Amino acid sequence: MRQIRADLFCRVIDNLGDIGVMWRLARQLNVEKNWSIRLWVDNTSALARMLPNLDIQNRVQDIEGISICHWSDNPSDLLMASVQPNDVVIAGFSCELPAAFITKMCRPTPPIWFQLEYLSAEPWVREFHGRSSPRQDGLAPIFFFPGFETGTGGLLREAGLIAQRDAWQSDISQQLQWLSAMGVSLTPEQRQRTRLVSLFAYENAPVDKLLGALALTDQPAIVLAPGNASFDRLPKDFKPPEHIIWQAIPFLSQPEYDCLLWSMDFNIVRGEDSFVRAIWAKRPFIWHVYPQGEETHKIKLNAWLARTSLPSQVQTALRLWVTESTLGHTAGDATPPLAHILSQTLTHPLWFDWQCASENLSQALVQAPDLASELDELSCQWQPDHRSG
Ligand code: TRH
């Protein structure tokens, strides 16, 4: 079996999601599909947060089987000039490829060019997934849309992930040991009584409302905020009752971040990648969707909610979270305040319904093909000799 060689391009717009997705994809294609990968990143510092052994001074380096290349915008960059495009080219989040690289792609057998798009649960995604768009230079990029249903590109999910999660979630002592290394020491009895919450959200998150809701439930809670300077300490002026503990923890590796999500009762996630990981964690979560112009993020949130069986009060709480993050106040006088609604959803029987719906959501999606397998499959369809040659 011949190996597929690929160039993956990642332009870091902001934060960590762009490179988070591309690094995860690169690793999975390499480990599970035996692809040989060159990952071009314009901002290696973002990747260095996830890979502390990455040397950002170094233009090319091999880490965990991936050749990581610093992508310079300089049109006469010698590194870019010295390479030939591989068999498959993936433009992460449909970033614009370097003009000189595109010119080299115009060869008798051009590479397969995927435009990997943003994730959305909107129904039109299925119609556009897999379509190609012929260009004047003869190249025809294929639009690859991640998604939640058959006929889309699916979601990133490593082959052993669900088995790993199940093993982790059924082993309380392993979780307690790991949490203790994070500075959270709990006996099994304390763990039973305590609600563990992870918080990875944008700076404008209505954290005071979250804490207010937790306080209203009377259950002891520990909120763990990984690697975010804005959440190093509690919001100003908030004096939590004794049963709510706030704890900042370091930024974790991607696999450890999974362990965090799997160990919690309730997760707050954001962007695209942590959102998908929260689905796989099978626990209730709030999605602090990445804010976009023209309220696009609300359309995305609603499209996803429409695919879930989350109780309507939970859906209201999730919408309110996003509205309050954007506007900084409640949606309107007629709407009960977020802290109040959220505290109801965190209390039996709604909490139980939320837990069941989260399990079902995860379970239903596990049946669908994963994104890396779909990409591999499509690549092999277009160039079948890669499988047999
Ligand atoms: O960081 P994000 O907000 O990223 C983005 C970008 O802003 C991007 O421009 C936008 O298009 C996209 O969201 C939708 O959130 P996200 O996507 O959840 O990425 C976070 C990554 O960081 C993810 O790969 C998980 C990882 N991570 C860790 O590895 N360790 C940690 O401790 C934490 C908290 C996250």
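1. The lining of the largest pocket draws on both domains: at least three residues come from domain 1 (5–155 + 368–387) and at least three from domain 2 (161–366). The domain bounds come from an automatic or database domain assignment. A pocket here is found on a 1 Å grid over the protein atoms alone, as an open set of points with protein on both sides within 12 Å along at least five of seven lines. Lining residues have an atom within 4 Å of a point.

2. A word on the basis. This is a predicted model, in which local features need pLDDT of at least 70 and side-chain atom pairs count only at pLDDT 80 or more, while totals for chains, interfaces and linings use all residues. Residues are numbered from 1 along each chain as its sequence is written, and side-chain values use heavy atoms, with hydrogens and water left out.

3. The largest pocket has a volume of about 580 Å³. Volume means the space filled by probe spheres set on the grid points, which are joined across faces, edges and corners. There are 31 lining residues, and L16, G17, G271, E272 and D273 are the closest to the pocket centre. Helices α1 (17–33), α10 (254–263) and α11 each give two or more residues to this lining. The largest share, five residues, is from α1. Helices (H or I, at least four residues) and strands (E, at least two) are DSSP runs, numbered from the N terminus.

4. By class, the pocket lining holds 16 nonpolar, eight polar and seven charged residues. Ala, Val, Leu, Ile, Met, Phe, Trp, Tyr, Cys and Pro count as nonpolar; Asp, Glu, Lys and Arg count as charged; the others, Gly among them, count as polar.

5. Now the cavities. A cavity is a set of points where a 1.4 Å probe fits but cannot get out. There are four of 30 Å³ or more. The largest cavity has a volume of about 80 Å³. Its lining includes V21, L116, E272, D273 and L371. Eight of the lining residues are nonpolar, one is polar and three are charged. Domain 1 and domain 2 each supply at least three residues to the lining of this cavity.

6. How far apart are the C-alpha centres of domain 1 and domain 2? They lie 31 Å apart. Contact means heavy atoms within 4.5 Å.

7. Five strands form an open parallel sheet, in the order β10-β9-β8-β11-β12. Two strands pair if DSSP finds at least two bridges between them. β10 (244–249) and β12 (285–288) are the edge strands; each has a single partner, so one side of each lacks a neighbour in the sheet. The twist averages 15° from one strand to the next. Angles run from 0 to 180 degrees between N-to-C directions, with axes fitted to C-alpha atoms, for helices over the stretch in contact.

8. β11 (residues 266–270) pairs with β12 in the parallel sense over four bridges. V269 stands opposite W287 in β12. Helix α11 (residues 273–281) packs on the sheet and touches β11 and β12, its direction making about 155° with that of β11.

9. Two backbone details deserve a look. Most residues other than glycine have a negative phi, and most peptide bonds are trans. F93 is not a glycine, yet has a positive phi of about 50°. F93 is in the loop between β5 (88–92) and α4 (99–105). The peptide bond from H348 to P349 is cis, with omega near 5°. P349 is in the loop between α14 (338–345) and α15 (350–366).
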